[in-house]
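Good morning, everyone. Please have a look at the chain on the screen, and I will then talk you through it slowly.

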Amino acid sequence: MDKFTTLTGIAAPLPLINVDTDMIIPKQFLKTIKRSGLGVNLFDEMRYDDDGNEIADFILNKDAYRDSEIIVAGDNFGCGSSREHAPWAIKDFGIRCVIAPSFADIFYNNCFKNGILPIALPQEQVDILMKDAENGANARITVDLEAQTVSTSDGEVFSFEVDPFKKRCLMEGLDDIGLTMEKIGAIDGFEQQAAQSRPWV
């Protein structure tokens, strides 16, 4: 998993509440078990018409936001089903951070497991970041995970809370497999001891 330390990037304003996982990645794209290739279908039903043409006024189809690395969204982002394909699609598009007043619990935890930092901030701070994001490529928001701060393009700084364990995993690029591999010495020792004490197994 890619490490996350600091990020300065274009933020796409998505002032919608209750953005559910079916909006993030519709059910017809859930057949794959690969984490790559889903970015093109992120927000598919909002990005494309029935003929597959881009809908010009959707935020990620605008030239200023095609390279967005941050989404500033409304309350209860990631609600709905528990599909892990939602953070897969977000990450594959290039988004590394989502900022909102609140998140659905399963989506929130899935983000950390896939190298995405979800940041919950008070509504008034999200409103300021949303307005800043509306300036497009002329405004870049900075996220500093170590300092636990988000800075607007004009230098206003907001602090956020994050679980220390989740923070370490993101900063060191450790997913569940990576965490297991940290214990490889102990695992090998256990297996050797088990083989000696129970050779019939």
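What you see is a predicted model, in which local features need pLDDT of at least 70 and side-chain atom pairs count only at pLDDT 80 or more, while totals for chains, interfaces and linings use all residues. Residues are numbered from 1 along each chain as its sequence is written, and side-chain values use heavy atoms, with hydrogens and water left out.

The protein chain holds 8 helices and 7 strands, where helices (H or I, at least four residues) and strands (E, at least two) are DSSP runs numbered from the N terminus. Its C-alpha trace spans about 65 × 45 × 25 Å along the principal axes. Of the 201 residues, 45% count as buried, meaning under 20% relative accessible area with a 1.4 Å probe, protein chains only. Among contacts (heavy atoms within 4.5 Å) with a separation of 6 or more, 66% come from residues 24 or more positions apart.

After H3 comes Gly 94, with a positive phi near 120°.

Note on methods: Buried means under 20% relative accessible area, exposed over 50%, partly exposed in between (1.4 Å probe, protein chains only).
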